[in-house]
Every structure is written in structure tokens, then in C-alpha cells.
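Colleague: Hi, could we go through the charged pairs in this one together? I have the viewer open.

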Amino acid sequence: MIQGVRGAPDIVPPDGKAFWQRLEATARALLESYDYEEIRTPVFERTELFVRGIGEGTDIVEKEMYTFQDKGGESLTLRPEGTAPTVRAYLEHGRFRKGSLAKVYYVGPMFRHERPQAGRFRQFHQIGAEAIGVAGPQVDAEVIEMLDHLLRHALHLPGVLLHLNSIGDAACRPAFRERFAAYMRDRKDELCPDCHVRLEKNPLRIMDCKNGRCQAAVAGAPKAADHLCEPCRAHFVRVRDLLQAVSVPYALNDRLVRGLDYYTRTAFEFTASGLGAQNAVAGGGRYDGLIETIGGPPTPAIGFAVGMERVIHCMKQAEGAGPVPRRGIYVANADEVAARKAVEVAHDLRLAGFRAATNLEGRKLSRQLGHADGGSYLYCVILGEREMQQGEATVRDLTSGTQETVPFAELTAWFKARPAEVAAP
Ligand code: HAM
């Protein structure tokens, strides 16, 4: 028996319908109501895109990429995230010819070779959104408000909390980084071995080390928010003011740095309750330097990505498993002659837009009726000997147990007069 790959879980019924499709449909409708359009990029890209875009010293690029050489000898990488590919496509397709602001979203699998644990996978799924081309704080506020709308008001996740920070830009960040690194260098002995490496390569990442001693060392360190240049400070003040105007609650978190190098100014994460250590359901921020880094003209942008597995974990916890809702029509037959009619009836029902199933397993009529009831259908169309002789079907309402006779020719019309859930796909 060949097993699936560790950290790459299957999504099996009934979760597809009950959670994945619902989350995706809710998110698509909501993002489109904010005037975002879908973009789909390939699951692999040239390795260089992520190395330059995400940053050489990051965990993702150093340790987590699924990189391989294809038959032509080119180095490709399964996308660990969707921002760099979106920006690559934006540049390649004439900035989507949309005027100054392009607003796009994507849904799909991402790949990171992380150590699998609860809420952390090697193949996982994101719903992401990117607003490319405008620098003003209104864009930050709208992007964050949209994500808050999705998580809190549309999906009703429990315990949603927005952590907000500004990490400065190319003008003020390098000096802050140096100050922070100097402070940490003085406390090198208190840091874990990983943070010794971070101190050299990416000192700001020491801020989100989980080690207690490192956290204690960070506690008194300089904070990014206190070292912002005037334009970054004014930008952040305005973002916060606008968030207040649309009633988005947040907690300032001056230790939030994010794990990708491309961020500037506004950085944020949303956490939710019931997730344990991996409690970030979404993260994002401004990345005003990324487009230049990958070879485009200076272009400001901001975006986020939601981790679908984590959101669904929260939805499941909040909603419980619940009974599987009844849906569709089962067409049961008594014998070979009725089986031919059943195929025809099911075909007509499907053409009319209904969800319908027939007896493909060769079950006896009594077993079919039991299956229709236990299999959570709404109605059962029964084609027995008598029905075949009289040219009319018995239609049983499986919720109430009542039944009626309906002439074959009127079956589709009869169902069309029923509630919409019969047709629900
Ligand atoms: P990220 O914080 O790396 O950001 O990922 C966003 C979300 O994806 C996380 O908050 C988490 O919910 C989920 N996620 C990340 N890694 C895993 C994993 N191994 N298993 C399960 N879920 C995971 C980005 O990817 C940025 N591209 C977001 C962004 C868009 N920034 C600007 N635009």
C-alpha cells in the first residue's frame, strides 16, 4: 500500500462540500464585492523569483523550498507563497492594463518543506489578495478591513485578533535593524543557537523566536515603531485612524516582523482561538520594494494571504460536525425494465438542473430505499412494477415520509415546484 506524502493531507468527503467549497465561495464573493479579480498563476516558477523576492536569509528560501531541476536543466520551485508570482505576472502582462491600481486574488495550494505539526503542512492552501500600484494608507486600511470582514463577519471565526505593526521602509529600517542587532549582540550569550545565526543574517527575526530566553532578551530591545521616519510614522497613524473609522479592532504588536523579507511599513497578522501554537490564520503587509527587487519599476503594493486549513479548523471547532444536510433525488428501480426508465428519469432530472443518483450497485429495491434514506437524499423516486405498468412514479419525501404518485411526464415539473435545496448541487 503506497501512502500519501507526510504533511500533504487529502481533503475527503464530506469536508470538500461542507467546508472547502463554502470557505472558497464565501471568500470569492466577498473579495469580488471589494472589486478584486481572480488571477491564477502556475504552481511552479523559476527558483530565482522566490530567492530574490522572499529573500535569501529567510527560513522559506534557506530551508523550505521544493526546488528541482526539470528535464531542461532549469531550476524550478513549487511556489511557497503567492505574492512573488502575482507580481511577476503583473509585470509580464502589462500591469493587467487596469490603470494605476490592480486588485487581484488567488486561491490555491502552496508548498513549504516545514516540519509537519498541527496546523502546519507541506502542502497547504491560501486565499490571497494583492492591491498593486498605490502607496496611500487608504489601500492598507481597505485591505485589512476586507480581511477582517471575511474572518469576523462572513466566517464568524471565534477569537479573531488583528496584530498590527509598522516595520518602516528603506529610509528608516536599516538604521533600526542596526540598532536592534547591536542591542542583541550585547546579549548574545542569552540567545539560542538559531538566533546566533539570525543575528548575522536576519537579526530582526530574533523577535519572533519562540525560545523563552530569546524572548526575554528581546523584551527590552529597541522597537521599530519608535524608530520610524516621519513619512512612515504619518502613514501608520493614518492607517490606524482609518481602521478606527471602519470599526476594525486591532492590537499593536511591536514584535511582529513577518517571515518574508519584502515587507515595508504596515505588517499584520490575524490570529484566532482554538489553533494552538500555529494560531495565525492570515498574514500580510505592504511590500513597496518587492516589484523593483524582481526587476520592475518602483511600484507600491500591499496584500495578505489566509491559511485555508487553519480557517477550516476553526470553522469545524466553532460549528461542530453537525448532521449532513439532505440533498438531491435518488431514483430507485425494481427490475431491469424499471432500471432503464430510472436512467432516463435521472438524466432528465439532471438536465433540468437537479442533483440525482440511481442504483449503480445492483441493489434490491428494499436496499435501495434504505440507501436513499440513509444516504441523506431529500426525495426518492420509486419505479416498481406497478409504477411501470401505470406510467407514474411514486415520489417519497424522505424528510416527512409522505409519498405521492406523479405521472412520468410530469416528474421534472413536480420537482421544479419544490424548494430550491432539491436542486442544490
Ligand atoms: P505567510 O504568513 O507566510 O504569508 O502565510 C500566510 C498564511 O498562510 C499564514 O498566516 C498561515 O495561515 C498560512 N500558512 C503558512 N504556512 C503554512 C503551513 N506550512 N501550513 C499551513 N498553513 C500555512 C504569505 O504567504 C504572504 N505571501 C502573504 C502576503 C500576501 N503578503 C502580502 N501579500
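**Salt bridges**

Modeller: Happy to! Arg 22 forms a salt bridge (a side-chain nitrogen of Lys or Arg within 4 Å of a carboxyl oxygen of Asp or Glu) with Glu 319, and their closest N and O atoms are 2.8 Å apart. Arg 22 sits in helix 1 (residues 15-33) and Glu 319 in helix 11 (residues 308-319), so the pair ties together parts 297 residues apart in sequence. Helices here are DSSP runs (H or I, at least four residues), numbered from the N terminus.

Colleague: Before we go on, what kind of model is this?

Modeller: It is a predicted model, where local features need pLDDT of at least 70 and side-chain atom pairs count only at pLDDT 80 or more, while totals for chains, interfaces and linings use all residues. Residues are numbered from 1 along each chain as its sequence is written, and side-chain values use heavy atoms, leaving out hydrogens and water.

Colleague: Thanks! How many salt bridges are there by this rule?

Modeller: The count comes to 28.

Colleague: And what does Glu 62 pair with?

Modeller: Glu 62 pairs with Lys 201, with the closest N and O atoms 2.4 Å apart. This links distant parts of the chain, as Glu 62 is in helix 3 (residues 59-64) and Lys 201 in helix 7 (residues 193-201), 139 residues apart.

Colleague: Switching topic: is Arg 255 buried or exposed?

Modeller: Buried (under 20% relative accessible area; exposed is over 50%, partly exposed in between, with a 1.4 Å probe and protein chains only). Arg 255 has 16% relative accessibility. Its salt-bridge partner Asp 254, at 3.9 Å between the closest N and O atoms, is partly exposed at 26%.

Colleague: Which residues are linked in a network?

Modeller: Glu 24, Arg 28, Glu 38 and Arg 40 are joined by salt bridges in a network.

Terms used: Helix = DSSP H or I, 4+ residues; strand = E, 2+ residues; numbered from the N terminus.
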